[in-house]
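Please work through the exercises below with the sequence and the coordinates open beside you. Each task is followed by a solution that goes step by step.

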Amino acid sequence: MGEISALPVLARKLLREKDSEQKLFVDDEIIRTRNPLGLVKWNKEQKQSDYKEWLRYIRIAACRRNIGGILAVFDGDADKFPAGASSPFCAATAAKSMVAAAAQIGAGKKFSLAVVFACVEYESWIIAGAESLAGKSFRDGRPVLSHDVTLPTHNPESHGKRWLEKNCPGYRPRRDQGALTELLDLGVVRNKRLRSFSRLDHAIDQILEAITKDSYVATP
């Protein structure tokens, strides 16, 4: 998935803005998990959510050396949550439940954790800054977006990978997401006031604040 290469790029860009003292660094060995529906499932017999797989990944991340905090980012394009339940997906509800489950194994007391859902996909954040990409080129010479590209007129969070596939010639997520993120003007993205990107922005602020205060935070 392209997010595996793109998310570290985005996190580094955000930290360059926020963390002048370099209290945090981005771990190059990003942990790729399943999507939320593969991490949290509905136990029909017990009639409750099963967080076992989610907590397994949190334990792995919490064992990393020099950990400053865990930032868990997922696409928010699920229909139902947890997997196998009848309840419709809600990013805020899902994030709160995952943070609450992780608190049982030390989130907020032994390490910091922030859970963020992109709505609907990681590409939505790129599309929100599309005007800053118009006329630019990839390093291999391919155009990113033409100067006269028709920008989305509706909520950028309603657009995802298909918009880039249509407007970015030869777009391939694995190859191109990181490069697009590097070219992206985050100020343009912020001006769109996307709830999900604002949440990501704030999550990093919260982890940084916790480090400054020599404390921990668990935040959805």
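The exercises that follow concern a predicted model, and they go from the sheet to a helix, then to salt bridges and a loop residue.

**Exercise 1. The sheet and its helices**

Solution. 
Step 1. Between S4 and S5 the parallel pairing runs over two bridges, and Ala114 is found opposite Thr219 in S5.

**Exercise 2. The buried residues of H4**

Task: Compare the span of helix H4 with the expected one, list its buried residues, and identify elements that cover them.

Solution. 
Step 1. Helix H4 comprises residues 91-103, which is 13 residues, and its first and last C-alpha atoms lie 18 Å apart, close to the 18 Å expected at 1.5 Å a residue.
Step 2. With buried taken as under 20% relative accessible area, the buried residues of H4 are Ala94, Ala95, Ser97, Met98, Val99, Ala101 and Ala102.
Step 3. The cover over these buried residues includes helix H3 (52-62) together with strands S3 (70-75), S4 (113-118) and S5 (218-219).

**Exercise 3. Salt bridges**

Task: State how many salt bridges a search of the whole structure finds, and examine the pairs Lys18 and Asp205, Arg56 and Glu53, and Glu209 and Lys213.

Solution. 
Step 1. The search of the whole structure gives 14 salt bridges.
Step 2. One of them joins the side chains of Lys18 and Asp205, with an N to O distance of 2.9 Å. This pair links distant parts of the chain, since Lys18 belongs to helix H1 (residues 3-18) and Asp205 to helix H9 (residues 195-212), 187 residues apart.
Step 3. Lys18 is partly exposed at a relative accessible area of 25%, and Asp205 counts as partly exposed at 32%. Both residues take part in a network of salt bridges that links Glu17, Lys18, Arg190, Asp201 and Asp205.
Step 4. Arg56 and Glu53 form a salt bridge in which the closest N and O atoms are 2.8 Å apart. Because the two residues are three residues apart in helix H3, about one helical turn separates them; Arg56 itself is partly exposed, with a relative accessible area of 39%.
Step 5. The side chains of Glu209 and Lys213 meet in a salt bridge at 2.9 Å, N to O. Glu209 is partly exposed, with a relative accessible area of 42%, whereas Lys213 is exposed, with 55%.

**Exercise 4. A residue in a loop**

Task: Locate Arg139, decide whether this residue is buried or exposed, and describe its separation from Asp50.

Solution. 
Step 1. Arg139 sits in the loop between helix H5 (122-128) and helix H6 (161-167).
Step 2. Its relative accessible area is 89%, so Arg139 is exposed, the cut-off being over 50%.
Step 3. Arg139 and Asp50 are separated by 89 residues in sequence and by 45 Å in space, C-alpha to C-alpha.

Technical notes: Residues numbered from 1 in each chain as written. Predicted model: local features only at pLDDT ≥ 70, side-chain atom pairs only at ≥ 80, totals over all residues. Heavy atoms only, no water. Helix = DSSP H or I, 4+ residues; strand = E, 2+ residues; numbered from the N terminus. Expected span 1.5 Å × (residues − 1). Buried < 20%, exposed > 50% of the residue type's maximum accessible area, 1.4 Å probe, protein only. Contact = heavy atoms within 4.5 Å. Salt bridge = Lys/Arg side-chain N within 4 Å of Asp/Glu carboxyl O. Pairing = 2+ DSSP bridges.
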